Amino acid sequence: MKRIQKITVLFIVVLFAMNCNKKEKAFVDPLLSNRDTIVNPSLDFFNYANGGWFKQHPIPSSEKSNGIFRMIQDTINNQVKSICIKSAEANASKGSNKQKIGDFYASGLDSVAIDKAGIAPLKNEIAHINSIKDLSGLLQTVGHLHTIGASPAFNFSVGQDDKISSKNALFLGQGGLGLGQRAYYFDTDANSVKIRAEYLKHVAKIFELTGEAKDKAIVTADLIMKMETELAQSSRKLEALRDPIKNYNKMSVSQLNAITTSIDWKVMFVNLNIKNADTVIVGQPEFYKALNAALKNYSIDNWKTYLKWDLYNNYASYLNKEIENQNFYFFSTVMSGINKQKPRWKRVVEQTGNSLGELIGQVYVDEYLPKGTKEKLLEIGNNIRDVYSERIKKLDWMSSVTKEKALAKLSKIVMKVGYPDKWKDMSSVVVDKKSYCSNVMAVNQWSYNYMIHKFGKPVDRTEWNMFPQTYNAYYNPSNNEICVPACNIIVPGFEGRMPDDAILYGIIGGSTFGHEITHGFDDQGSQYDDKGNLNNWWTKEDYSKFKAKTKLIVDQFSKFKIGDKNVNGDATQGENIADLGGVVMGFEAFKKTKQYKTKEVVGGLTPEKRYFLAYGYAWMVNATQKSLLQQVMMDVHSPAQYRVNGPLANVPEFQKAFNIQPGNPMYQPDSLRVVIW
């Protein structure tokens, strides 16, 4: 999502006893049972805290990872499945939420109808592409495909103007790459070279499965790779996309036309269903110059082929078995190391949850969410904000002038927790049992129309960009807000009992609220003021000190490796700063609890040890090597092991709790230790 820091986090709290009618099982403290005590915590705290669980729970062949996220997601899937089944059995009136949920789910399960249909659900769009005769028709079709959930040639969105956060603006960015990121087209490591070779085979196979002769399909794949590589050449690297100022280039439509003479953007915006466009924020102008050249250098027939590929690539998961399996093989097996598809019911449940999450969320809040969730989350969040304020006031590197502005921004952070007070209106979406692919497309069209209707209207700061059952959270710098959905009220292993404060503050306090609040003060968020505008509120000297500190964390994480590939310290610095800020603020808030003050020992562990083990538990994720390599290439989040080991090595209280000595991998000397917030 544009300009919103997304991160998979734990924000779950047990508010009351669950399963109380079931026979209570003997409690096994996961902080104890998850450990691998053979591992020295001074060498690798992540595997010390979680290695015992990893040994007992190998990664399923249908998953790219296993751990606490998967445990909770499985619970979510089962609950959403129950909502889907009840909706399908309800014989609900047409147009009702239950009818839409039930029919969407039923259409996805009907593999017989899906296989029989083949690519028929896309026939109108394919005919549209085939009818293109000239550049004008090509550009009209490019615009149309964006409205139905495809993404050819470039990225387009409507969202808050970074410098005028009260207004919605038009945004254009680089895009159009089947492999997603520029690095895949140019990196020379063995994994990237193999992926490019497999991508050629994949594209050829998809065209063959859609009816093209094998020999022609091979030629087609070469063409697609050539066109995408040219677009990738002028695409910015992942780390370069993190600079909000360099990626903010506001232009009039006529100015944009001047650098893309083959595209009349006044007409293109009409093709995108945008009326009265006058200005646009272009993220990467050099990309649009390259796109303009590509429109001249490749024939209309070449571009028609490219558009078909983009359409197939976006909808392959919802087509017949052969196409779906080929799509799974490349994007899941080759890219992520997943060898087996999830059961169909689970795939369909997850898609129903993604497409109709706004409708499912309303049922979820009524049937699965205990009362008091919002209040408890806000309590912990406000405690974190209070200690954050205390920390800022005591900073020795920041002037009083900048501190005053930092404190003002902190005080104005809006906390959206639990679930929204109002729901989006999806009454216009038409869903039936006839076609799974068509249902996905209908929701994509609704989502697009919902987005573009914001243009020309004031920003709705009450809007949520996640569902209450979404296992995630975010900070939005343009709203100066954090959003922590309620999700399931579970800490795995603590069903039926209240976790102690060390766990609540290690998980909810540290890896959630502390993390998300810190995003307001990371390398990106720090450039937005208290009103959400891209506006420098720092003194020159203070910002120079801040950048020196962020460079230290970039250097630390750039040394971490996955196989023969280093973590991208520049691209991940925002998340790494947030992880460090989160674990520090969570601990500061925990120190105010009775458990910490009385030095209560739980499970044979001191409060300090329980807190840091809980933080390790928050990121208990074991992933396949291929998925880790993919993460390093495409993600602004570091792999889970470094989200634990990296920040903790900078925390003196952690070093003291586990007797970490100078020279140990988990020890950063004072000269290299990162202290920001």
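The model is predicted.

**Stop one: helix α16**

Select residues 344–355. This is helix α16, twelve residues in length.

Now colour the buried residues of α16. They are K346, V348, V349, Q351, T352, G353 and S355. What do the buried residues of α16 pack against? The partners are α3 (68–88), α4 (97–109), α17 (357–368) and α20 (436–452).

While the helix is on screen, recall one general point. An α-helix has 3.6 residues a turn, so residues three or four places apart point the same way.

**Stop two: S355**

Stay in α16 and pick S355, which lies in this helix. Is S355 buried or exposed? Its relative accessible area is 10%. Buried means under 20%, so S355 counts as buried.

Next, show its contacts. Set aside neighbours within four places in sequence. S355 is then in contact with F104, M426 and V443.

**Stop three: the cavity**

Move on to empty space. Rolling a probe the size of a water molecule over the atoms shows where such space is left. How many cavities of 30 Å³ or more are there? The count comes to one. The largest cavity has a volume of about 50 Å³.

Select its lining: L138, L139, V142, A153, F154, I263, M268, L291, L295 and W303. Colour these residues by class.

Then colour by helix. α7 (135–147) and α13 (285–297) each supply at least two lining residues. Which helix gives the most to the lining? That is α7, with three residues.

**Stop four: Y475**

Finish at strand β8, residues 473–476, and select Y475 within it. Its relative accessible area is 0%. That is under the 20% cut-off, so Y475 is buried.

Zoom in on the side chain. Y475 and N480 are joined there by a polar contact of 2.9 Å.

Y475 and G520 are 45 residues apart along the chain. Where does the fold put them? Their C-alpha atoms are separated by 7.2 Å.

Terms used: Residues are numbered from 1 along each chain as its sequence is written. This is a predicted model: local features need pLDDT of at least 70, side-chain atom pairs count only at pLDDT 80 or more; totals for chains, interfaces and linings use all residues. Side-chain values use heavy atoms; hydrogens and water are left out. Helices (H or I, at least four residues) and strands (E, at least two) are DSSP runs, numbered from the N terminus. The expected span of a helix is 1.5 Å times one less than its number of residues. Buried means under 20% relative accessible area, exposed over 50%, partly exposed in between (1.4 Å probe, protein chains only). Contact means heavy atoms within 4.5 Å. On a 1 Å grid over the protein atoms alone, a cavity is a set of points where a 1.4 Å probe fits but cannot get out, and a pocket is an open set with protein on both sides within 12 Å along at least five of seven lines; lining residues have an atom within 4 Å of a point. Grid points are joined across faces, edges and corners, and a volume is the space filled by probe spheres set on the points. A polar contact is a pair of N or O atoms within 3.5 Å; within protein, one must be able to donate a hydrogen and the other to accept it, and residues adjacent in sequence count only if both atoms are side-chain atoms.
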